[in-house]
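Student: I want to learn how to read a ligand site. Can we work through an example together?

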Amino acid sequence: MPSLIKLPSSFLTFAAALLIAGCGGGGTGGSVSPNTVQLVNHSPVVAKTLATQTATVASAFSFDTSQGGTTFTDSDGDALIYSISITPSGSGLTATAAVVSGTPTTAGSYSVAVTAADGRGGSVSTSFSMTVLPQQGVPILPATAFSYSDATINLPAQFRAGAGPGAGPGAGNLAGADNTPTDNVVSNAGATLGRVLFYDKRLSVNDTVSCASCHVQANGFSDTRRFSVGFQGGLTTRHSMGLANARYYQNGRFFWDERAATAEVQVLQPIQNSTEMGSTLAQVVTKLSAQSFYGPLFTAAFGDATINSDRIARALAQFVRSIVSYRSKYDSAFVNGVANFGAALTAQEEQGRQLFEGAARCDTCHGTVAHIADSAKNNGLDAVLTDTGAGGGRFKSPSLRNIAVRAPYMHDGRFATLDQVVQHYDSGVQDSPNLAPGLRAADGSPRRLNLTAAQRQALVAFLGTLTDTALNTDPKFADPFR
Ligand code: HEC
Ligand code: HEC
């Protein structure tokens, strides 16, 4: 039996006082009255979870883990004290109070634990995952900018505004077709910046998608997929449009349904689209501002290093308008604006050209040397419309340049081959109230061309002469990040 240790009575009184204080206080004069309210401390709780975060090496990052004071709540109203641990160490990020910030140095997966304490013994923790992506390269650009401006690319005569008589049948006259606004003419420095932006994945919220992900140079700046894949794997609702000669779409509107009034308006929309790039203009400006290489590019294009969405729009629109196709086999028929197709094209291709510009009248909607329409038309795809486009099933058609290398076709990518497209115009045109008059027969019914198989093949062969390999492989339109 252990012996009892006799303690002085003064010590026992002191211990009792401690016990009372430990229950939240309230005792007065060293004795507990029956009416005393025992105050209980409530620990903070997690009220809102923390989503996975993504940062990129060498790009400034900042995240408030308190989410503006909403991550944790404390029913006693205690001020919360935050502590954060990032594991493994070495990310380059640091934590100050509730904020994780810094410029990441090491790519990888990290776990971030956040603890909120109430300063009275209560605390709670939660955590989230953090992905640090490897640094995207800096663009490799020539010491002297590539040539993009009209003054430096030397467009052939049939492409210059005003080229008219003598340009050859179907060559048309591009005067008045150019939708370049006087206040955003293509300059070499502006299009160079536009090219870098076009290929920069930082324009998407998680640095995974650039404009070029869906507009592939080798495919005439379209996508071989029927629907393109956005930043989270979601699919676009329409097929990606080829971009060559978009500059010569006379009414200047953009998208299949013409919903953007100008190229400058159009180019900012994919950035903010919830399927395509999922970002905000403010976020993009912040991200680009953290990259030291952008300052000189904005200065060269616009006179000073200010980065804003208006300048981003202007530069991207300049790059898009600089994608002019004028070096196809079809173009090789022209000398000083005069065409000799018989000499440049095979007999089959020439037969197809004569159909395209003659009996089949394809050129009424895919006209001029740019092979582009002037406005949206209903080309008889459907009797009952699911997508009404610009209204009444009217759609913009991109220029037919590079058409052979950018299947599938139409706004919904419904046709896998050019043969199917030609069959559509031959025998498949559907009636609906807004069917283009040019696709009706004299009696008003949908036009039937009654082409022979050889004629259909000739049309497809002619469309192949519109492939512009020089454009589709030109380094000045290629990815500058590799
Ligand atoms: C996820 C795929 C995707 C991304 C990313 C994307 N686009 Fe597109 N783009 C499309 C699709 C699909 C369309 C047609 C959409 C429609 O008409 O509704 C389109 C249409 C366009 C058009 C209209 C062409 C015309 O003649 O009317 C332009 C110009 C364009 N995109 C440029 C860009 C630029 C610049 C970027 C980057 C800022 C970009 N796109 C990013 C898929 C994409
Ligand atoms: C009345 C105007 C009109 C005529 C005539 C016409 N087209 Fe079209 N074409 C369009 C329109 C509008 C589209 C886009 C329709 C859509 O996607 O909804 C289109 C799309 C196309 C496409 C697919 C373009 C792409 O980027 O996917 C091809 C190829 C094409 N036409 C070839 C021809 C040929 C060949 C002829 C002659 C046999 C012809 N077109 C006659 C208006 C016309």
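Tutor: Start with composition, and keep in mind that this is a predicted model. The shell around ligand 2 divides into 15 nonpolar, 5 polar and 4 charged residues.

Student: How many residues surround ligand 2, and which are the closest?

Tutor: Shell membership rests on a cut-off: a heavy atom within 4 Å. Here 24 residues surround ligand 2. The closest are C362, C365, H366, H411 and Y425.

Student: Which side chains have an N or O atom by ligand 2?

Tutor: For polar contacts, look for N or O pairs within 3.5 Å. The H366 side chain places an N or O atom 2.8 Å from a nitrogen atom of ligand 2. In the side chain of H411, an N or O atom is 2.6 Å from an oxygen atom of ligand 2. The backbone takes part as well: an N or O atom of M410 lies 2.8 Å from a ligand 2 oxygen.

Student: What kind of space does ligand 2 take, cavity or pocket?

Tutor: Ligand 2 takes the space of the largest cavity. Ligand 1 sits in the largest pocket. Two elements each give two or more residues to the ligand 1 shell: α4 (211–214) and α6 (269–272).

Student: Which residues come nearest to ligand 1?

Tutor: Of 25 residues around ligand 1, the nearest are C211, C214, H215, F255 and K396. By class, that shell has 13 nonpolar, 8 polar and 4 charged residues.

Note on methods. Residues are numbered from 1 along each chain as its sequence is written. Chains are lettered from A and ligands numbered from 1 in the order in which they are written. This is a predicted model: local features need pLDDT of at least 70, side-chain atom pairs count only at pLDDT 80 or more; totals for chains, interfaces and linings use all residues. Side-chain values use heavy atoms; hydrogens and water are left out. A polar contact is a pair of N or O atoms within 3.5 Å; within protein, one must be able to donate a hydrogen and the other to accept it, and residues adjacent in sequence count only if both atoms are side-chain atoms. On a 1 Å grid over the protein atoms alone, a cavity is a set of points where a 1.4 Å probe fits but cannot get out, and a pocket is an open set with protein on both sides within 12 Å along at least five of seven lines; lining residues have an atom within 4 Å of a point. A molecule sits in a cavity or pocket if more than half of its atoms lie within 2 Å of its grid points. Ala, Val, Leu, Ile, Met, Phe, Trp, Tyr, Cys and Pro count as nonpolar, Asp, Glu, Lys and Arg as charged, and the others, Gly among them, as polar. Helices (H or I, at least four residues) and strands (E, at least two) are DSSP runs, numbered from the N terminus.
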